[in-house]
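Here are some notes on the two-chain model you sent over. Have a look at the structure first, and then go through the points with it open.

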Amino acid sequence: MDIPLKTFPITVPIMTFNWDAPPAGPAQEDFTEEELIDDLFAVKFSRDAIKDVITAIRQGRWGTWADFKLAWLAHGINTKGWEDLHCPRSLGEHWRKVGVVPYPHQLDVLKTVVQKMHGRAILADEVGLGKTIEAGMILKEYILRGMVHRALILTPSSLCYQWYSELREKFLITPWLQRSDKDWERAPILIASLDTAKRSPHREIILSQEYDMLIVDEAHKLKNDRTQNWQLANGIKKKFCLLLTATPVQNDLKELYNLITLLEPGLLGTYRAFREQFVANHRTPKNVEELRHLLERTMIRNRRGVEGIRLPKRVVNNQVIELLPEERLLYDGVKEFVQGEYHRCLSSGGNPLPLITLQREVCSSAHAAYYTLAKMQQSRGSQVTPLLELAATIDKGAKLLMLEDLVKSLGEKVIIFTEYRATQEYLRYHLEQAGFLTVGFDGSLSPGKKEWIRRQFQEHADIMVSTECGGEGLNFQFCRNVVNFDLPWNPMRLEQRIGRVHRLGQRRDVNIFNLVTRNTIEEHILYLLHEKIGMFEMVVGELDAILGAADGIWESSLAEILLTTRDATELRAKLDSLARELLSKGREDPLISLI
Amino acid sequence: MDAPIEDFLQRYLACRGLSWQGREKALEVELSAELAEALAWQGPARVLWTWDLDTALSNPGALLFAPKSQSLERLMGTINGFITCGHIPSSADGLFRPHFLWLFHLCYQARESWEQILPVVVDLVDGSIAGILEGDLDGRPGAPQPREKRRLSFRRAYWRGCVFVKQYLTERAKPWAQRAREDLKRRLSDLEAYFAELGDEEKKQTRLEEESLRFSPRVLVSLRGGALIYWKHPPNALAACEFPAQPLPIGEARAGAPGPSHAAAQEPLAHNPPSPAGGGE
């Protein structure tokens, strides 16, 4: 049987995008060669200064005596106050105009990094606490102090434009976006993708340069010292260095060692010495207090929920929906099929992943399940044909009907998350039919397109349907409604979804709508995530601990329970037990409690 | 810091003939259209000028004037004060002698950075250094009569001033430089031990050199302005300028700044200009 795959036409609003021309670099003052005084310090004198005076005299630009005295007084004032931070004073007025309010913890980070850490630090705040803002303030501070003229900012490519606009709009810094291999040498402040930077010929050019400051965003990508990423960051000549990551350590203390060695080689000694002194096993430190004291010299971590860092409330709405009769038929059929095949698959040593995917897809939409069933039909033939035919007859499911009502009643921008591209297309098509302007967001988009879509959503569209939880940095604080059309099995993905809008800069309470269908696996997932783990109220650090303790077995444990347990009471008992085990492990995890 | 800023703002407003009223940590100022434009101010003409960050943050309509603030920089942009010409009135007999007052800007850099304005007066007849100027200078505009002829070019006078700055730093900046050196030495020793244990001799040398190059203490000297001043006698207003307070690591108590050495400050020059670039007319 040949079933054509459905495609949905989607309208996309057109928006032009203005990329500014790269700004000219600041003129560097011409100085004499350095002269050494008593073998202690060097001094050099401006050659430009006297040229400027002579030009002014020749042009007759004599000012009044009163103005000269005023200027003298002003210069005196402007050079004082080194103990104070220049950045908030310099930008205070601008921030008021653009609506930026620096949080106390961000000002503390600025002060600590500049005055205590000599501009080399790991900024390890939890997700959504404004690490980019902190790094921007530090960069601006050093620029104002005349200590940074050249800076290199390496980020995942999806965040390059966000860095560009944040530095321009919030810090009045005009960076370049790296576009050609010439930019490495000529740009004063350059933003580039880490993946581009590590490739030849870029890598060689970068390593031949001297930068006053290096900033690496999502710096957990540098945690392995055998990777090109780490070796590049280690090789770059830099005076100051900021590494930004919410997860400086995930599985092994060596990750932390590697990051700190990038900043202050020798602070923790060689790895052998570090291991002997501080590592009991890869997840368990020893001499914790001493280690923590050393970490405090280079790492700052702010957590949510502590004094001074208050985020708006999360208002969780669980919408339990009855499946339509034909959907129920499909769900029960798929469940029966998956459970039977899962046992067979495990006993024959096959790959159960497509079955798990199918089971999850059917909870999302018949449309999503349809594609996987169509693929399975090629290998399993008539066994899946009835399910495929049934899936093809279902147009609008109960969840979609509920969703349409929900977005109408909200009357505000909404981000809808789904795990599946097929569901994404299905949702966008029907929502457009219902009169909403939608944009789609997914992991396959280029960084430029992601930013373009983000702006479209901000300025034009009503709804963004996303398959990517956006784990890396893009901000959507202009929206406060999140709909989980289906639930990911990994709680971190769920947290990352919510974290796109529930972060610093969000001024309103955030509404989280979980759409789950009654008497399906989704109901059990929601029970586990919400009622047992309490993850909607949990801070990211605790979640890290839980997932770290689970050590990658979370999803497989969950699949095992969900696909092999037929009795509902037994299923609940197993989920309770899984939750208890993880919570207790997580709370005791020595690796996470270290930071 | 607050008092000098308040004093500066009041002097500025008086100079421009603008009216203001004192408020707590602020002045309420009636802006002219030109000044509003220069400050990129689009609000009402009556505006609060403050030097206190908290007052600025709690008054959305206030302008903040603090070191390095945007408003101060913009206000400085309205002052034509880079060079001037004036004289110090005197009823005594004799000729007025031309001097040049250089407002040197010294930027001290190590792992910390801080700045200082150093006003140095050079005699434009015999090339001697009159000294460092401190306090208010009660001058009058314009060149008086009778006066001596200038014998030193401005360029040469600048480099004379630079030599004096070098001398000043040699005598005053040692404690700062020593502390910066010690800090650097500690850092280099950590690095050396690390790379020695790794057995990576080549890398060790490179990193030590890099670290040394970047964080060795240095002073960058440039200018913020200058004034051609005529004095009849060696000016009485000259005094030695104290070496400014230096940054200390957090938690350390501040030591007293080194005391001024009047004699040293007025010692005649013994050096030639510091580089060939300084010698030309």
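Where in chain B is Pro146(B) found? Pro146(B) is in the loop between strand 9 (140-141) and helix 5 (154-172) of chain B; helices (H or I, at least four residues) and strands (E, at least two) are DSSP runs, numbered from the N terminus.

1. Ground rules. This is a predicted model, in which local features need pLDDT of at least 70 and side-chain atom pairs count only at pLDDT 80 or more, while totals for chains, interfaces and linings use all residues. Residues are numbered from 1 along each chain as its sequence is written, and chains are lettered from A and ligands numbered from 1 in the order in which they are written.

2. Confidence. The model scores ipTM 0.85 and pTM 0.69. For chain B the mean pLDDT (the predictor's confidence in each residue, from 0 to 100) is 80, with 81% of its residues at 70 or more. Within chain B, strand 2 (residues 26-30) has the highest confidence, at 95, and helix 8 (residues 262-266) the lowest, at a mean of 32.

3. Stretches to treat with care. Residues 236-241 of chain B stay under 50 in pLDDT, and the model gives them 16 contacts beyond four places in sequence; two residues are in contact if their C-beta atoms, placed from the backbone, lie within 7 Å. Residues 247-281 of chain B are also below 50, with 53 contacts beyond near neighbours in sequence. Where pLDDT is low, the predicted coordinates should not be read in detail.

4. The interface. Chain A brings 67 residues to the contact and chain B brings 79 residues. On the side of chain A that touches chain B, helix 2 of chain A gives the largest share, 13 residues. By class, this side of chain A has 30 nonpolar, 19 polar and 18 charged residues. Here Ala, Val, Leu, Ile, Met, Phe, Trp, Tyr, Cys and Pro count as nonpolar, Asp, Glu, Lys and Arg as charged, and the others, Gly among them, as polar.

5. Strand 2 of chain A and strand 10 (residues 218-231) of chain B run parallel and are joined by four bridges; strands pair if DSSP finds at least two bridges between them. Val43(A) has Val219(B) as its bridge partner in strand 10 of chain B.

6. Helix 1 of chain A. Ala49(A), Ile50(A) and Val53(A) are buried in this helix (20 or more other C-beta atoms within 10 Å of a residue's own; exposed means 12 or fewer, partly exposed in between, with C-beta atoms placed from the backbone). Why do they count as being on the same side of helix 1 of chain A? Because they cover an arc of only 95° around the axis, taken from the directions from the helix axis to the C-beta atoms. The buried residues of the helix pack against strand 5 (83-87), helix 5 and strand 10 of chain B, while the face turned away carries the exposed Thr55(A) and Arg58(A).

7. Backbone details. Most residues other than glycine have a negative phi, and most peptide bonds are trans. Cis bonds join Ser200(A) to Pro201(A), with omega about 0°, and Gln145(B) to Pro146(B), with omega about -10°. Asn519(A) has a positive phi of about 55° and counts as partly exposed, with 14 C-beta neighbours inside 10 Å. Ala40(B) also has a positive phi of about 55°, and is exposed, with 12 other C-beta atoms within 10 Å.
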